[in-house]
4 protein chains.
Amino acid sequence: MSGSKYEYVKRYELPDPLMLGTYMVFRLDGHSFHRFSDVHKFTKPNDPRALELMDCAAQALMKEYGDIVLAFGESDEYSFLLRKSTSLHNRRQAKIVSTLTSLFTSNYVFHWSKFFPDVALEYPPSFDGRIVLYPSAKEIRDYFAWRQTDTHINNLYNTTFWALVQQGGQTTTEAHATLRGTVSKDKNEILFSRFGINYSTIPPRYRKGSVIVREKTEPDTDVHTNEQQSTQESGLTQTRSGDQKELKNPPTKLEILHCDIIKDDFWNEYPKILEE
Amino acid sequence: MSGSKYEYVKRYELPDPLMLGTYMVFRLDGHSFHRFSDVHKFTKPNDPRALELMDCAAQALMKEYGDIVLAFGESDEYSFLLRKSTSLHNRRQAKIVSTLTSLFTSNYVFHWSKFFPDVALEYPPSFDGRIVLYPSAKEIRDYFAWRQTDTHINNLYNTTFWALVQQGGQTTTEAHATLRGTVSKDKNEILFSRFGINYSTIPPRYRKGSVIVREKTEPDTDVHTNEQQSTQESGLTQTRSGDQKELKNPPTKLEILHCDIIKDDFWNEYPKILEE
Amino acid sequence: MSGSKYEYVKRYELPDPLMLGTYMVFRLDGHSFHRFSDVHKFTKPNDPRALELMDCAAQALMKEYGDIVLAFGESDEYSFLLRKSTSLHNRRQAKIVSTLTSLFTSNYVFHWSKFFPDVALEYPPSFDGRIVLYPSAKEIRDYFAWRQTDTHINNLYNTTFWALVQQGGQTTTEAHATLRGTVSKDKNEILFSRFGINYSTIPPRYRKGSVIVREKTEPDTDVHTNEQQSTQESGLTQTRSGDQKELKNPPTKLEILHCDIIKDDFWNEYPKILEE
Amino acid sequence: MSGSKYEYVKRYELPDPLMLGTYMVFRLDGHSFHRFSDVHKFTKPNDPRALELMDCAAQALMKEYGDIVLAFGESDEYSFLLRKSTSLHNRRQAKIVSTLTSLFTSNYVFHWSKFFPDVALEYPPSFDGRIVLYPSAKEIRDYFAWRQTDTHINNLYNTTFWALVQQGGQTTTEAHATLRGTVSKDKNEILFSRFGINYSTIPPRYRKGSVIVREKTEPDTDVHTNEQQSTQESGLTQTRSGDQKELKNPPTKLEILHCDIIKDDFWNEYPKILEE
């Protein structure tokens, strides 16, 4: 019994290489996370445990794949920038999209209990992923500016909305009505005058999202002062991708920041992200 | 602060619809499962717990996606057939590939402890996924015949190999050498003459892989006699995808079989799989 | 001076294979033929010279490419069906689309003076081409039915429109107004009652379009009774594609028909078109 | 009789947009031009009439499509650079490839007798076309350097080869043998010592190929001194693409150059080619 007479079906698989010399952005989004956050009673407007779990899964991807040079997350989504010269999985689209989505998902479920020690995971969550290519550094800057702008808009709305509901006693319908037609300034004013909240003092994690960057560890400065916020890739983890990779990816420290990535400062401080 | 000046980056996302009127086969493969099975001490040549966990995750996909009409699994891979008229995620390739891979992975990790109650999951496993389109029923028959033929070839080799090692005291190098150039008949002979093993009496799960089919539950015959082998979609699970789906996908029973899918009998018994 | 340091740019070319086992329909459309027909004073509603020139160019494609098994043309468009097992240009999309469009265009210009002996070609016309894949014979039947239905609708409209203008003395604006909201029966009635035209007696070329089929020439019946309507591939023309092709494509006669291709009769008479 | 029941077949056509923000290179190659040049007795190693006909067809493309900012031709091939911001045919791949290939072919046949007044066109020639995308100016520079390097290598070989045959009395087999293993220096030496030919004095058209650039015509300097080498787009030609285009594409003069495009000089002189 030989497989040869059926093997022709393999030839139906079509190649799907991603264009060379272009930046890849891989973005993940939670699938039906509105329901997922309700079932697991995420705090509103932001649940720090849920956000930290997302960051943890994102870090795992960056540990595994040295060609990811930047990540940005907010709410139930995360974007990853791959170097434009990456040859990860020979730039095959389905392979990259499926593998990264799978590894992120796996980490999310695996590390759940670390961030939600008192909350049982009721059912397995899932994510969808996509890749978008960009030809130059300008579009990459604008892509991440787009996501951080979105973070700001959503968070200001949600913060005000939940203040009206939780502290102002409005129903959700009333709160939506209160906010209809308002601009940023109005929402800041509502927060301050009615609830004494100065929006700019809200934790930067909520206002700016999470930014993960990679820095080469100096041999003599390899000290972690903040275990929760930075992780060094251990030899063990690296071994996972084989010896060859270990040589190519020297240990790097992953830093989680909650800073502005729209203005030039960030990009000037981390010039390697866009450099080749 | 408006997102509008950056939103143009969205237009770089390219459409990736899969051709209409064609059968979709979605296949998952474990990523670096050689190492994963070593670390978690899977029994050789087959670990029933690992295979049942794969089946469990596959069933979860079929519960969630009514357009999957057949699944076939062996070792660390699983193939799923979607109806050729499916409009799942508007037939967008990256969306389908990433979502299905994510949900399978999530179930694998989520249900791990149910199948490996005494084995801690050491690190999060991952899978890759791909979609191949086929124009007609003939190629679908041949695709599944190809996978089941592969199951047979691999399992006969592995069964003989591990008998030589575990019972025959050969090193793995010696066992590979013993098997070099042998055909099926030779391996059957080695198993029988040296180890008293009649290959055809080995559990069909190992020889044939797992076949999952869906049958509409008759209103009055809705009785589960074998809890482990068949599951009825509960209202709770269905709700997950919303009311509309609940109406379209009446409760179906998922049956796990370990039967031949190369010859006509199976396809004659389940004519709906290839029908539209 | 070696080209090697620049040759890397070749690797940016992406593969574009068309799915195996599917029917290919290649369709050409005249680019800006409204203007082209005005400049060259095509007779209205149909110019037999222009239609015969299209047929001539279409025949040239079928002579050159033995895998084209059917063609259908109307007005300034032509559709070609390629066998689903064709390996023409390794099924590379851009190669097939560009080559077929080029050869058709070349023939159109080359043979212009044969069909328009008294009309100078004022400027070079052009066509665009596209390929659409279909999984089964049913869609192919329906594709050609769609085009022939379109031929009927357009020709009935145009015939009535130009009768109103040329014989009825209406301006084009008035003629459009007269026809607004009319159905087929109304147009037939206008033609008959006002102009004594029985639409069904109009030449079938205009009502049905042109259908080109291929039949293997019987060695002893190789006689052409109608030079204008059928052509046998000469050795000279065949040589063009090399000896190998000559062996694979025995001389076939190309027949131009103006028959119904919506009903079963045509397909029953030419069963090889959809067979593999 | 309505077309609606068949119109569903239109939905099988898949979108094929080319990534935004990238340079497009469209390249044409003659199909079986070895035979074509034999049948039409092109002079060896270069036929100036054939090359000028190619240039003429290339100019026609640039007149029609204002988004082509550079063209380079050699032998039976031509490459065209489209602005990276072009929205020609909504960047649909098959539409662009087929239309440009068709218009080039049409011009080639249409203008044949102007360049070959004494040679009848024996049969219609054809071309294939393809599009390759490049993300940045660097790859565009290297693409054109690759093509011009190729021109040099081929022309030096052919010039020496035909000198050995036409002047040296060698058979073609002998000439190939003579050149086997030679480098550029050797071929220059053969040309000079045996045939008194200084390769660098051969017409630049043959050594460098043809470069077509576009320059905006100054209102008061609109004088053509060299009819054969430069052409101004007439209002008539422009009208072809409609009024809107006429406004967007002010008259430009197309210059045919035979200069080096590998070094910086050319690109410094025509900075607009790579600018957006």
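## A residue between two chains

Leaving aside residues up to four places away in sequence, T105(D) touches S102(C), S106(C), P125(D) and F127(D). The list therefore includes residues of chain C as well as residues of chain D, contact being heavy atoms within 4.5 Å. The model is a predicted one.

T105(D) belongs to helix 3 of chain D, which covers residues 93-110. Is T105(D) buried or exposed? T105(D) has a relative accessible area of 1%, so it is buried, the cut-off being under 20%. A57(D) lies 48 residues from T105(D) along the chain, yet the C-alpha atoms of the two are separated by 7.6 Å.

## The interface of chains C and D

Contact between the two chains involves 53 residues of chain C and 52 residues of chain D. Together the chains bury about 4,900 Å², and 62% of this area is on carbon and sulfur atoms.

Polar contacts link 20 residue pairs between chain C and chain D, both residues being at pLDDT 80 or more. Four salt bridges are counted between chain C and chain D. One of these joins the side chains of R130(C) and E13(D), with an N to O distance of 3.2 Å.

## The chain C side

Which elements of chain C each supply at least two residues of the side that touches chain D? They are helix 3 (93-110), strand 4 (127-134) and helix 5 (137-166). Helix 3 of chain C gives the most, with 13 residues.

By type, the residues on this side of chain C are 26 nonpolar, 15 polar and twelve charged.

Notes
Residues numbered from 1 in each chain as written. Chains lettered and ligands numbered in written order. Predicted model: local features only at pLDDT ≥ 70, side-chain atom pairs only at ≥ 80, totals over all residues. Heavy atoms only, no water. Helix = DSSP H or I, 4+ residues; strand = E, 2+ residues; numbered from the N terminus. Buried < 20%, exposed > 50% of the residue type's maximum accessible area, 1.4 Å probe, protein only. Buried area = accessible area lost by both parts, 1.4 Å probe. Polar contact = N/O pair within 3.5 Å; in protein donor to acceptor, adjacent residues only side chain to side chain. Nonpolar A, V, L, I, M, F, W, Y, C, P; charged D, E, K, R; others polar.
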